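I opened my notebook to look up a few things in this structure. Here is what I wrote down, entry by entry.

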Amino acid sequence: MEFRLPYEVDLAIDILQRNGFEAYLVGGAVRDFIMGIAPNDFDITTNATSSEIRNAFNDYNQYSNSGFEHNTISIIINDKIIEITPYRGDEDTLLSDLGKRDFTINALAFSKNRGLIGQKEGENYIGVDDINYRVIRCVNSPVDRFNEDPLRILRAIRLAVTLDFNIEAFTKRMIFQYKDLLRNVAIERIREEFKRIIVAQNAPKYLKEYRDVFAVFIPELEDMFDFDQKNKYHPNDLYTHTLNVLNEVKPDLETKLAALLHDIGKPQSVVFDKDLGDKYYHFYNHPVQSEKMARVILKRLKFSKNMIDNICKLVLYHDYNFSLSIKNTKRLLNKLSPDEDLLLPKLLDLKNADYLDHQNIEQFIVDLDKVYDNYLKIKAEKEAFTVKDLAIGGNVLFNYGYEGEQISKKLNEILDLVIDEKIENTKEDIIKYLDNDN
């Protein structure tokens, strides 16, 4: 393994050492070097206190990032952010610090003077062995580590899913035993870990295996677990179907979250078949219920309003009555406006993934590439699909005596006529229609 530290990291370590302090590269960057991955984030640990760190870097931009108990100071050198943290643990030593870190694969340090340092078992570094064997294992006691910072429960899953590692058996058992500690964690911290999990390639596997953990902060998932859809179109239970759709969509955060939530309202939308009763289910209007629930969940996780609106549109229209007509595509674009450029490809991706986990739906399958071709044609020819595309505005309707909500209602009525090709989208044709209508 070769540790080629960026100039800025070397400089930060040198500044601390010149001020009389110990300084080591630590954590994920060391792990990545060992795995042959170029690190993106660089953490340094030192026996300097937070105030001594600030003084040592008095000539550099810096800010306090006091996360979980560690009084981290972020130093900015040439636009690179380097996080420097005083030693953790009961003793002011590097080994004490490593003994308080989350997982063995992160409990490794490096310096040019001393090389690689970590907890040893015989002649071997435990963390290096666990990296080589692709194992996530808590340092010393999982109970202690999870009680110190319960977010480590979710972080273990995130590391496993992103690195394609396995979680060691006892650590895994303690994850389930102490999962409810996540209720004590700020939702913003949970959200950031969850975002990284759900876009990962192996996310469905872990969302299935650790479903009870995710249900701690998304309890609405529980109604989906093992839910028999009792429908000829659905060979899988609801949660399995959801994970299969999640597996097929592209690694885009909004699309992934929409895939997870697109059918979450189905258990609340069950309608018994008129002939077969509770032996056969229908899910009329389940997209409406799913959208309502998705909005509540995403607000709880404190996603941005724009992201919530986008995801909820994907959920609401995932079961839209797609057809190959230009009119249908215009109406769909109207529903996705004003972000149709962004949302239509994501909706088609979601719909295609949904198709793949159905059976007996050949009569309903629409060529989604053709729908997208329709969209390109509509945009190229600048055809109207929103009221802002109309050849007239509200000022014209005002001159005809329309006021307030009447103007909005009339513009949408005109848009429907334009989309249905009953009038042309020209000022002359619309004026002619208004003259005949009054």
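**Disulfides.** I began with disulfides, meaning pairs of cysteine sulfur atoms within 2.5 Å, and the count came to 0. As a reminder to myself, a disulfide is a covalent bond between the sulfur atoms of two cysteines.

**Ground rules.** This is a predicted model, in which local features need pLDDT of at least 70, side-chain atom pairs count only at pLDDT 80 or more, and totals for chains, interfaces and linings use all residues. Residues are numbered from 1 along each chain as its sequence is written, and side-chain values use heavy atoms, with hydrogens and water left out.

My cut-offs are under 20% relative accessible area for buried, over 50% for exposed, and partly exposed in between (1.4 Å probe, protein chains only).

**A buried lysine.** Lys330 sits in helix α16 (residues 326–336). I noted that helices (H or I, at least four residues) and strands (E, at least two) are DSSP runs, numbered from the N terminus. Lys330 has a relative accessible area of 4%, so Lys330 is buried. Which residues does Lys330 touch, leaving out those up to four places away in sequence? I found Ile378, Glu383, Ala384, Phe385 and Ile419, where a contact means heavy atoms within 4.5 Å.

**Helix α8.** In α8 (residues 169–177), I listed Thr171, Met174 and Ile175 as buried. Seen down the axis of α8, these fall within an arc of 110 degrees, so they line one face of the helix. The arc is taken from the directions from the helix axis to the C-beta atoms. On the other side of α8, Ala169 and Gln177 are exposed. The buried residues of α8 pack against β10 (135–136), α6 (142–148), α7 (151–163), β11 (166–167) and α11 (211–217).

**Helix α21.** Next I looked at α21 (residues 427–437), whose buried residues are Ile430, Tyr433 and Leu434. Down the axis of α21 they fall within an arc of 100 degrees, so they line one face of the helix. I remembered that an α-helix has 3.6 residues a turn, so residues three or four places apart point the same way. Turned away from the buried side of α21 are the exposed Glu428, Lys432 and Asn436. What do the buried residues of α21 pack against? They pack against α19 (394–399) and α20 (405–419).
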